[in-house]
Amino acid sequence: MLSALLIMALGAVVLGAALGWASIKFKVEGDPLVDKVDAILPQTQCGQCGFPGCRPYATAIAKGEADINQCPPGGEEGIRKLADLLGREFKPLNAEHGVEKPKSVAIIDEATCIGCTLCIQACPVDAIVGAAKQMHTIVAPLCTGCELCLPPCPVNCITMQPIGETVETWKWKYPVIEIKPAEDKKAA
Amino acid sequence: MMRELFNFHGGVKPETNKAQSTREPIVVAPLPPHLVVPLHQSIGGTPHPLVQAGERVLKGQRIGAADGNVSAAVHAPTSGKIVAVEPRVMAHTSGLAMLSVVIEPDGEEAWMPLYPSNYRSMQPDEIRDTLRDAGVVGLGGAVFPSHLKLKGARDKRMTLILNGAECEPYITCDDMLMRERAQDILRGAQIMRHMLGAQDVLIGIEDNKPEAAQAMREAARALGERMDVVVVPTRYPAGGAKQLIRVLTGIEVPHGSRSTDYGVQCFNVGTAYAIHETLNLGRPLISRIVTVSGNVERPRNYEVLFGTPMSHLVKLAGGRPDTDRTIMGGPMMGYLMPNPDVPVVKATNCVIAGSRAMFPPPPPEMPCIRCTACVDVCPADLQPHEMYWFARAKNFGKAQEYHLFDCIECGCCAYVCPSHIPLVDYYRFAKTEIWARERDKAAADSARERFEFRTFREEREKEEKAAKLAAKTAAGRQTAEKKAVPAAAPAGDALQAAAAAAQAEGTVATPSAPPQPATADLSAPVAAETAPAADPKKALIEAAIERARKQREAVSPKNTDNLSDAKRAEIAEIEARRAKIREMAKTHDEDGAS
Amino acid sequence: MPGSHTLATVAPRAVMRRPWKSDLNNSPYVRKPASVQSVMLRVLLALVPGIAAYVWYFGAGILVNLAIASAAALAGEAAMLHARGRPMGIFLADLSAIVTAWLIVLTFPPIVPWWITAGATLFAIVIVKQLYGGLGQNPFNPAMAAYAITIVAFPALMSQWPHAGVDFASQLDLILGGERTLDAITGATPLDALRTAMHSAAGTQTVAQVLAGGTAFGLFGGRGWEWIAVAYLLGGLYLWQQRIISWHMPAAFISGIVVVAGLLHLINADQFAAPIFHLLSGGTMLAAFFIVTDPVSGATTPRGKLIFAAGAALVTVVIRTFGAYPDGIAFAVLLMNICVPLIDMKTQPPVFGHKDD
């Protein structure tokens with residue numbers, strides 16, 4: 001009886017110590033779920049989701065405060081990935097937040113630009129260079145296509161230009177599988 | 001002399017179909033009505049156009065300048081008038097258009113003045129620049145700029161390998177080049193040997209090209225060069241660079257490593273010939289030997305100017321009416337062309353006119369039965385069926401774990417697959433998809449970083465403003481009257497200085513690099529603050545904030561702790577430059593104001 | 001045809017983009033004339049010598065079963081393909097269902113009632129193959145799964161074998177559901193006979209004595225069985241010569257049997273039969289060349305193939321010697337099928353250029 005108690009007690013102590021050690025050793029910094037959600041979001045920082053940037057939206061998703069279908073730049077693929085990650089049901093993009101558009105970059109018509117710096121203030125990713133009363137320009141590789149610079153421009157000199165496919169970015173298409181009729185796939 | 005040969009795993013023996021196009025000697029293809037020379041013809045940066053529509057060019061004149069070191073120049077293949085510089089459909093499966101120079105030949109073939117150079121008296125860097133500016137790239141099909149490969153390894157015994165294996169069916173351009181111009185090839189090889197400091201030169205030729213091997217042996221004897229012609233067994237893909245290196249030396253160069261690190265370097269015989277022409281004759285790369293074969297009456301090899309439409313060649317060779325496709329390259333790895341008129345480029349070793357009868361569509365695709373016939377033939381020792389499985393499921397991480405990027409797309413697996421699965425299509429799909437995702441991810445990561453930094457910066461500025469305001473209220477109470485009048489002048493100064501700094505940095509900052517914290521710190525927000533500051537009171541406050549901030553930054557720089565001395569020196573230099581610009585801007589502004 | 005063009009008439013820039021869904025395939029444009037159908041056909045061909053020997057020793061009853069099983073397999077396959085909305089023609093013509101059917105028949109007693117043959121074949125095709133996704137998708141060997149379920153469900157019927165020389169008429173009668181009381185016609189397999197004898201003798205008889213005494217035994221293995229095994233070996237060598245199977249699986253399976261049985265024989269020759277008996281009795285040779293070599297449910301890496309087949313051999317001998325069933329090949333193969341993903345994952349061969357890693 002006594003030995004049984006001792007054994008159980010010893011077991012409890014050892015396991016408790018092991019758990020305690022593991023909790024210190026494998027401590028997770030921050031909230032990994034927010035990071036994972038944030039990694040799926042396109043980092044356009046456009047705010048179309050109703051949050052001031054991708055990370056706040058990711059935080060809201062992780063907390064369950066926001067739906068997964070509020071990100072137009074992420075599009076359907078993004079919603080699918082979020083649904084997979086969070087084990088939620090896929091749902092189509094909420095049209096209130098906008099529609100999926102081809103990836104674009106903003107272009108400043110440099111002849112019209114008056115150098116008011118308003119677009120620089122609006123750009124969430126510091127992709128516009130310029131100074132007061134000087135012409136501004138957009139660093140195309142850094143532009144996420146969020147369109148936030150369009151409304152502030154007093155002279156409407158910014159336009160969105162879809163990014164074309166080049167030989168470098170061209171992708172081979174998914175090979176067509178002839179053998180499977182599409183019906184049962186669509187039904188699923 | 002017998003040499004020990006090594007073996008590579010797998011490989012297949014498709015019908016070679018080479019005899020048809022070796023019956024006639026190489027002939028120069030007549031000038032087409034127009035030449036469309038794409039600027040992007042090699043791995044690396046797209047050359048900048050140097051000419052405009054309406055200009056006249058001479059044969060061999062540079063029309064596209066190399067963009068950076070990983071690039072190669074492009075030249076006018078003949079003399080004539082530039083009709084247009086505009087996007088034209090490329091010799092690429094995608095059917096996309098890229099910037100091309102359209103030349104209308106004047107038929108005079110008037111060369112630029114040519115300056116042969118003596119490579120023995122040149123510095124290696126000088127030779128490399130010459131090759132880059134002559135547009136010399138690998139002519140085996142990979143079109144990698146050759147000058148980048150011609151660097152010796154100081155501590156290694158180097159072996160130069162000339163690739164004359166030419167294992168793809170139908171293609172005979174290297175074979176014919178070796179038969180007819182063996183000495184010139186070896187003169188090019190002399191230059192390569194010189195640059196690499198290579199002791200051994202091995203010329204690998206498949207045993208189905210005895211004439212070429214004989215010609216090369218005789219040429220080596222005639223030049224008195226010790227270069228070994230090694231006949232290797234005919235087995236596709238023995239002409240793959242990695243496979244040939246393995247066969248000749250036993251060395252396996254892994255994917256993603258440079259073969260120089262393993263003491264070998266492998267070049268196509270056509271490249272050697274081009275190097276000879278460039279240095280010994282001064283001619284840039286404007287033409288190449290192209291096999292025209294397949295569904296044509298008279299298959300043969302032509303010496304073709306770049307920019308010649310493929311349809312022009314097919315017509316010359318007598319294309320049959322049931323031709324329904326144009327293939328660039330061989331039947332194992334070649335690419336379907338978007339239309340028959342795309343131009344011959346540096347990568348075009350062969351143009352095959354194809355028909356349904358010649359290349360019947362594959363029978364319907366069946367499920368993989370894991371028979372491992374693909375494993376048995378894979379020259380890269382991969383597990384093609386596993387890669388297929390993951391690529392098909394779009395499980396790209398797993399596909400990469402199974403070494404997707406070691407795949408050389410030789411097509412052996414699809415060639416033998418009893419289920420007729422287009423395996424290589426799946427690998428190409430997965431590879432381009434992975435690249436696209438990596439690009440997207442890099443862009444998203446950089447956007448996230450910049451956004452986070454911006455948020456952090458705004459946060460910090462808000463705090464600083466609040467602190468400043470508190471300090472000012474406290475100070476204001478003590479010396480309210482005294483300060484009120486003289487404060488206006490320095491505030492105005494500071495305002496100007498800030499605006500000038502913003503302006504200076506806004507224009508100086510390099511756009512491509514993500515902004516250095518110290519730089520970005522100042523530019524955008526300062527501009528933002530200064531712009532609407534018309535109200536003198538507001539200006540007063542902001543100037544004060546600005547002053548305080550500068551003070552604080554001077555006292556305790558936040559992100560410059562623990563820097564190396566070099567970095568520190570660099571920062572000091574930048575600061576000095578900035579101060580100078582500010583000074584200049586200030587005087588300039590004052591001048592303007594007065 | 002839209003893809004064709006005459007060289008002279010197509011103006012530059014007329015065709016901007018090759019329509020992707022055009023019927024032109026990408027490289028390679030040439031292919032070796034190989035197909036699933038031809039692979040399966042050669043497997044069937046390789047089985048013919050074994051079947052011939054079978055008929056020679058045990059009568060033509062097996063041919064009736066082959067016909068029944070083939071018909072059942074095709075019917076089951078067709079029904080499932082229809083239900084799953086797959087094209088029927090190419091999948092019925094691939095002959096994989098026939099191979100499964102023949103393997104079932106060759107592992108079953110030749111006088112088993114027709115409904116067992118048909119039921120087992122349907123089970124193999126419908127449940128084990130098609131419900132897992134059809135050709136190429138089944139994790140278990142269909143024939144072996146069918147064997148395992150049948151021997152568990154009908155142990156008595158599955159262990160009655162005709163004596164050599166039983167005439168076709170009585171075989172047919174049995175297949176069609178005739179009365180099975182005639183000990184004169186049916187008996188046990190050599191493996192079964194040995195096991196029963198050894199159990200009942202309980203240590204009073206040595207293996208050698210049993211083998212010398214029983215009518216079921218021949219020179220080295222079972223009477224008749226040993227020559228059927230040799231015929232399978234011939235068929236297997238043909239498959240190897242045709243590069244349909246690699247040497248790994250048969251070699252590892254046979255040497256596995258020899259090593260494990262040999263060790264037991266060395267430990268106690270009185271208790272355990274010699275390796276040659278194991279090789280030439282039961283389904284060893286059939287398994288070595290036709291069953292463990294099933295590509296779909298087997299391991300695919302060279303080392304994996306060796307492990308898979310050797311593991312199957314070990315389990316086979318253990319079940320034969322110590323287990324409750326006369327032959328353990330089916331269970332051994334199914335057990336190893338479960339391990340295939342792990343085996344494959346752990347035995348990935350080094351790729352080109354990474355051999356020193």
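**Entry 1: strands β13 and β14 of chain B**

I began with strand β13 (residues 287-294) of chain B, which runs antiparallel to β14(B) and is joined to it by six bridges. The model I am reading is a predicted one. Looking for individual partners, I found that B:I289 has B:E303 in β14(B) as its bridge partner, and I noted that a hairpin of five residues leads from β13(B) to β14(B).

I then asked what else pairs with β14(B). Strand β1 (residues 27-28) of chain B is joined to β14(B) by two bridges, and here the two strands run parallel; within this pairing B:V27 stands opposite B:Y302. As for cover, β14(B), which spans residues 300-305, is mostly covered, with five of its six residues buried.

**Entry 2: the four-stranded sheet of chain B**

Next I traced an open sheet of four strands in chain B, whose order I wrote down as β11-β10-β9-β12, with parallel pairing. Its edge strands are β11 (228-232) and β12 (264-268), each of which pairs on one side only. On average, neighbouring strands of this sheet are turned by 25 degrees against each other, direction ignored.

Inside this order I looked at β9 (residues 158-164) and β10 (residues 198-206) of chain B, which pair in the parallel sense over seven bridges, and I saw that B:T159 stands opposite B:D200 in β10(B).

Which helices lie on these strands? Helix α3 (residues 182-196) of chain B lies across β9, β10 and β12 and runs at about 155 degrees to β9(B). Helix α4 (residues 210-223) of chain B also packs on the sheet, where it touches β9, β10 and β11, and its direction makes about 165 degrees with that of β11(B).

**Entry 3: two packed helices in chain C**

In chain C I looked up helix α2 (residues 61-84) and helix α5 (residues 114-129), which pack at an angle of about 35 degrees with their axes 8 Å apart, in a right-handed crossing. The residues that meet include C:A69, C:A72, C:A73 and C:G76 from α2(C), and C:W114, C:A118, C:L122 and C:I125 from α5(C). Sorted by class, this contact has 10 nonpolar, four polar and one charged residues.

**Entry 4: helix α1 of chain A**

Last I turned to helix α1 (residues 2-25) of chain A, which has 24 residues and reaches 34 Å from its first C-alpha to its last, close to the 34 Å expected at 1.5 Å a residue.

Notes. Residues are numbered from 1 along each chain as its sequence is written. Chains are lettered from A and ligands numbered from 1 in the order in which they are written. This is a predicted model: local features need pLDDT of at least 70, side-chain atom pairs count only at pLDDT 80 or more; totals for chains, interfaces and linings use all residues. The expected span of a helix is 1.5 Å times one less than its number of residues. A residue is buried if 20 or more other C-beta atoms lie within 10 Å of its own, exposed if 12 or fewer, and partly exposed in between; C-beta atoms are placed from the backbone. Two strands pair if DSSP finds at least two bridges between them. Axes are lines fitted to C-alpha atoms, for helices over the stretch in contact, and angles run from 0 to 180 degrees between N-to-C directions. A crossing is left-handed if the near helix is turned anticlockwise from the far one by less than a right angle, and right-handed if clockwise. Two residues are in contact if their C-beta atoms, placed from the backbone, lie within 7 Å. Ala, Val, Leu, Ile, Met, Phe, Trp, Tyr, Cys and Pro count as nonpolar, Asp, Glu, Lys and Arg as charged, and the others, Gly among them, as polar.
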